[in-house]
Every structure is written in structure tokens, then in C-alpha cells.
Amino acid sequence: MQATADVTKKESSWSSWKGQAIDLLYWRNVKQSGAVFSSVLLLLFSLTQFSVVSVGAYLALAALSATISFRIYKSVLQAVQKTDEGHPFKAYLEMEIALSQDQISKYADKVLLYTNTCMKELRRLFLVQDLVDSLKFAVLMWLLTYVGALFNGLTLLILAVVSMFTMPVVYEKHQAQIDQYVGLIRTQVNSVVGKIQAKIPGAKRKEE
């Protein structure tokens, strides 16, 4: 019974995190989404101008300046008012932030699963288990050489963040039209792939 309760609790926690992420990306709470979006963009733009060490040091200094100033302010206020409210961050200092053994095991299992899946997929592609999939992968890598020549990693990351916070909203508002165009493109791609499979020996998938 205890094991079942733990599993149910973990699933509920995961659903809650997933729901919060969806609400964030779909701008259900405009202030919260705007704060996260602007903070992430500011961090990424800072990394384009300064090194990771400098940005980390500046962020730490800013946080320390805020907490030290607030601590001194509260101490002076308590001295003037002759009160004993204690440490202003007492609630946060007593908060449990350590990861449990179960949480570490869960995250480690997920990382291991994704790593093994990625390694198997790369082996399948590089050793040409399926010719069509390997050709698709080769075309993708060829296209990425042009993308890499135009953008660096941070620029791509900035574009990815902007897309994450804009595309879901755009898709939600224009879902019918987007699905229609995506369906047409998918049909054309499948038609071209089918023609290639028919012409290249050994490219046709084995029917199960």
C-alpha cells in the first residue's frame, strides 16, 4: 500500500510540474511567463557579451547585495523597534532542500534510459540498419553545417527559447490552418521518400 501511495504521489507531482510548464509556455499567467521569459533572455544575451564565469559572478554579487542589504535593514529595524523577530531568512534556512535517495535514483534512471536510447539510435543510424533513416540523418547533418555557419550555439539557444514561448500560443490560435499546411508538407515529404525508396535498392523497409 505504501509503495502504491508513493507511486501515486510521484505521478501527481510530475503531472503538477507538467501542468505548470504548459501554463508557463502558453502564457496562462502573463506576469509569471513574462518574468521567466525576460529573465532567461537577459541571461542568454549576457552570455553573448560576457563569459560564463563573469555572468555567474555578477549574478552571485547581485543576489548577495540584495540579501545582505535586506539582512542589515531588518537588523537595524529590529534594533530601533526593540523587537526580536529573529533572522529574516529563517524560514528559508530551515527549509529542506536536499534531494532524497529516491529522487536521485529516479533522475539517474531517467538519464541512463535516455543515454542508452540515444546510443542505440546513433548506432542504428551510423551502421545503416535502415538506409532511408541513415540518409535522412545525413541530410539533417548537412543542413546543420549551414545552420552552424550562420548561427552559433547561443544564438540557436536564444531562438529556441523565443520559439518555446511564442510558437505554442501561435499554434493554439491558428491550429486549424497550421495543421492543414503541416499535413500538406508531410504528404509531399512522404511522397518523395516513397519514390526514393522505390528507386534505391535495399531502401524499402521490410514489411512486418
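**Entry 1: pocket lining.** I looked up the lining of the second largest pocket in this predicted model and sorted it by class: seven residues are nonpolar, one is polar and one is charged. The residues on the list are Val-132, Leu-135, Lys-136, Val-139, Val-189, Val-192, Val-193, Ile-196 and Gln-197. Helices α6 and α8 (175–199) are the elements that each give two or more residues to this lining. I then asked which of them gives the most to the lining. It is α8, with five residues. For the volume of the second largest pocket I noted about 190 Å³.

Entry 2: Most residues other than glycine have a negative phi. I therefore wrote down the exceptions I came across, since most such residues have a negative phi. Trp-27 has a positive phi of about 55° and is not a glycine. I found Trp-27 in the loop between α1 (2–25) and α2 (30–49). Val-128 also has a positive phi, near 55°, and lies in the loop between α5 (101–126) and α6 (131–150).

**Entry 3: buried or exposed?** I checked the relative accessible area of both loop residues. Trp-27 has 25%, so I put it down as partly exposed. Val-128 has 42%, so I put Val-128 down as partly exposed.

**Entry 4: surface patch.** Which residues form the nonpolar patch on the surface? I listed Leu-64, Ile-68, Ile-72, Val-76 and Val-80, which together have about 470 Å² of accessible area. I followed up Val-80, which is found in helix α3 (residues 52–81). Why did I mark Val-80 as exposed? Its relative accessible area is 63%, and exposed means over 50%.

Terms used
Residues numbered from 1 in each chain as written. Predicted model: local features only at pLDDT ≥ 70, side-chain atom pairs only at ≥ 80, totals over all residues. Heavy atoms only, no water. Patch = residues over 30% accessible without salt bridge, like charges linked within 9 Å, V, L, I, M, F, W, Y side chains within 5 Å. Areas by Shrake-Rupley, 256 points an atom, 1.4 Å probe, with all protein chains shown as cover. Salt bridge = Lys/Arg side-chain N within 4 Å of Asp/Glu carboxyl O. Helix = DSSP H or I, 4+ residues; strand = E, 2+ residues; numbered from the N terminus. Buried < 20%, exposed > 50% of the residue type's maximum accessible area, 1.4 Å probe, protein only. 1 Å grid on protein atoms, 1.4 Å probe; cavity = no way out; pocket = protein on both sides within 12 Å on 5 of 7 lines; lining within 4 Å. Points joined across faces, edges and corners; volume = space filled by probe spheres on them. Nonpolar A, V, L, I, M, F, W, Y, C, P; charged D, E, K, R; others polar.
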